[in-house]
Amino acid sequence: MRTLALFNGDADTRIFCLEGAQDHNAPGMVTTLPRRNTQQGLIDALRDFGPDLIEHHQQVKQALSVSSRFPQAVHVLYRHNALKPARHRIDRWRYAARYGRMDGFIFVSAAERNAFARTYPRLADRAYALPNPIDAAAWFASPDDRQRVIAFAGRAMPEKGLDVLCAALPAVLDAHPDWRAVLMLNDWDRHAAWAGPHLAPLERYGPRVAALHSAPLSEVRDIMKTAAIALTPSVWDEPFGLTAVEAHAAGAALISSGRGGLREASGDHALYVDEITPESLAEAMERLIRNPDERTALALAGQRHVMAAHTPRQRAAELEQIRKAVVLSGRRLAA
């Protein structure tokens with residue numbers, strides 16, 4: 001949201017966040033809230049500001065609480081990841097009643113918006129899709145002359161397909177001793193017990209397989225800028241796939257499962273696997289290793305796509321149009 005705000009150009013927009021958060025040079029837009037009694041601090045700050053539209057990012061319970069205190073405002077729930085799924089019919093009824101108090105919804109992909117619309121068809125006309133932007137300049141590196149590195153960046157959990165990738169790597173590394181792998185594993189402390197056994201068989205490759213635990217973004221960026229191949233082998237429907245967009249921007253050729261919003265992130269510029277198995281991932285990696293011209297062409301096309309389709313300026317303009325549409329719709333509902 002800070003990235004979008006820098007290109008918004010609307011002096012009447014305010015971002016409310018906890019004290020200590022980095023504003024990333026967005027002066028005049030940020031209002032900090034105390035860490036103690038945050039909810040009351042938010043209510044007081046909003047009352048002083050008097051907004052026409054309140055955009056609630058991620059926090060459903062907070063959105064519901066605030067909306068009851070400011071009935072005159074239009075309220076939008078903006079989700080950057082998946083909504084909690086309804087477990088059964090009663091859940092679905094309860095969630096529909098809660099979500100019905102929102103005037104609009106913004107999802108990070110058409111896949112997420114469509115899933116919401118299928119589950120809550122009466123609210124479908126309030127739902128919009130807006131993929132996250134990327135400041136591609138910070139990631140940009142030439143796709144030429146890359147290191148013979150296979151890179152993975154993501155949380156060390158089953159949904160990301162890490163176990164399948166670990167099972168696929170030995171065949172590739174054995175066939176190509178001049179290649180190596182770098183696995184950048186976020187949330188390591190939470191998922192180490194599950195991930196550790198899948199990584200253990202790769203220890204025989206020594207320094208040819210590096211497992212980085214919860215590496216800082218700057219290190220992830222530097223590695224992606226040099227890696228020849230990146231993978232997003234998610235086995236679940238990704239809400240969007242920012243990791244894929246980052247890999248494209250950094251100039252790596254991407255192998256993707258295409259699940260959920262991943263195809264929206266990459267368009268036609270990734271090598272997709274139909275099934276997520278060790279054999280399919282190994283075959284895809286083998287193809288790109290043995291065909292460097294195809295690999296470079298894929299990387300170049302992906303980078304151009306990201307720099308044209310996922311820019312902050314474009315996304316900020318789209319967000320402004322969504323906000324205007326929701327405000328008009330909310331006023332019609334109120335009338």
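Is Ser 280 buried or exposed? In this predicted model, Ser 280 counts as buried, because its relative accessibility of 16% falls under the 20% cut-off. Ser 280 belongs to helix α11, which covers residues 278–290. A polar atom of the Ser 280 side chain lies 3.0 Å from the backbone oxygen of Thr 277. Leaving aside residues up to four places away in sequence, Ser 280 touches Val 273 and Glu 275.

Helix α11 also packs against helix α6. The axes of α6 and α11 are 8 Å apart and form an angle of about 40°. This angle lies between 35 and 65 degrees, so the two helices are classed as oblique to each other. Their crossing is right-handed. On the α6 side, the contact is made by Val 164, Leu 165, Ala 167, Ala 168, Leu 169, Val 172 and Ala 175, and these residues meet Pro 278, Leu 281, Ala 282, Met 285, Glu 286 and Ile 289 in α11. Sorted by class, the contact of α6 with α11 holds 12 nonpolar residues and 1 charged residue, with no polar ones.

Helix α6 (residues 162–175) has a further partner in helix α7 (residues 188–199): here the axes come within 9 Å and cross at roughly 15°. With an angle under 35 degrees, α6 and α7 are therefore roughly parallel to each other. In this pair, too, α6 passes its partner α7 in a right-handed crossing. The residues involved are Leu 162, Asp 163 and Cys 166 from α6, which meet Trp 194, Ala 195, His 198 and Leu 199 from α7. The contact of α6 with α7 divides into 5 nonpolar residues, 1 polar and 1 charged.

Ser 234 sits in the loop that runs between strand β10 (227–232) and helix α9 (242–250). Its relative accessible area is 4%, and because this is under 20%, Ser 234 is buried. The side chain of Ser 234 makes a polar contact of 2.6 Å with the side chain of Glu 238. When residues up to four places away in sequence are not counted, Ser 234 touches Glu 159, Lys 160, Gly 161, Ser 257, Arg 259, Leu 262 and Ile 276. Ala 316, by comparison, is 82 residues from Ser 234 in sequence, and the C-alpha atoms of the two residues are 28 Å apart in space.

Technical notes
Residues numbered from 1 in each chain as written. Predicted model: local features only at pLDDT ≥ 70, side-chain atom pairs only at ≥ 80, totals over all residues. Heavy atoms only, no water. Helix = DSSP H or I, 4+ residues; strand = E, 2+ residues; numbered from the N terminus. Buried < 20%, exposed > 50% of the residue type's maximum accessible area, 1.4 Å probe, protein only. Contact = heavy atoms within 4.5 Å. Polar contact = N/O pair within 3.5 Å; in protein donor to acceptor, adjacent residues only side chain to side chain. Axes fitted to C-alpha atoms, helices over the stretch in contact; angles between N-to-C directions. Parallel < 35°, antiparallel > 145°, perpendicular 65-115°, else oblique. Left-handed = near helix turned anticlockwise from the far one by under 90°. Nonpolar A, V, L, I, M, F, W, Y, C, P; charged D, E, K, R; others polar.
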